[in-house]
Amino acid sequence: MKIVRKLFKNEEGATAIEYGLIAALIAVAAIVAMGQLGNTLKNTFNKVDTEMTKGNNNAGA
């Protein structure tokens with residue numbers, strides 16, 4: 001019985017698990033944010049490419 005009480009009293013393992021869960025949540029948030037940033041950059045570069053192509057076509061005419 002003392003062993004069972006000791007196991008329930010020991011919170012060191014629970015703390016490590018909590019830190020692991022926090023790290024996992026931060027990683028997921030970072031991945032989502034980087035994905036959104038990637039999409040925004042992609043759209044920006046596509047707009048720049050379109051405008052440069054228009055400029056080249058107009059300069060040659």
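In which helix does Tyr19 lie? Tyr19 sits in helix α2, residues 12-60.

This is a predicted model, where local features need pLDDT of at least 70, side-chain atom pairs count only at pLDDT 80 or more, and totals for chains, interfaces and linings use all residues. Residues are numbered from 1 along each chain as its sequence is written, and side-chain values use heavy atoms, leaving out hydrogens and water.

The protein has two helices and zero strands. Helices (H or I, at least four residues) and strands (E, at least two) are DSSP runs, numbered from the N terminus. Of the 61 residues, 0% count as buried. Buried means under 20% relative accessible area, exposed over 50%, and partly exposed in between (1.4 Å probe, protein chains only).

The accessible surface comes to about 5,900 Å². Carbon and sulfur atoms hold 66% of that surface. Areas come from the Shrake-Rupley method with a 1.4 Å probe.

One salt bridge is counted. The rule asks for a side-chain nitrogen of Lys or Arg within 4 Å of a carboxyl oxygen of Asp or Glu. Lys54 pairs with Glu51, with the closest N and O atoms 3.5 Å apart. Both residues lie in helix α2, three residues apart, about one turn of the helix.

| Residue | Relative accessibility | Class |
|---|---|---|
| Tyr19 | 59% | exposed |
| Lys54 | 45% | partly exposed |
| Glu51 | 48% | partly exposed |

Tyr19 counts as exposed because its relative accessibility is 59%.
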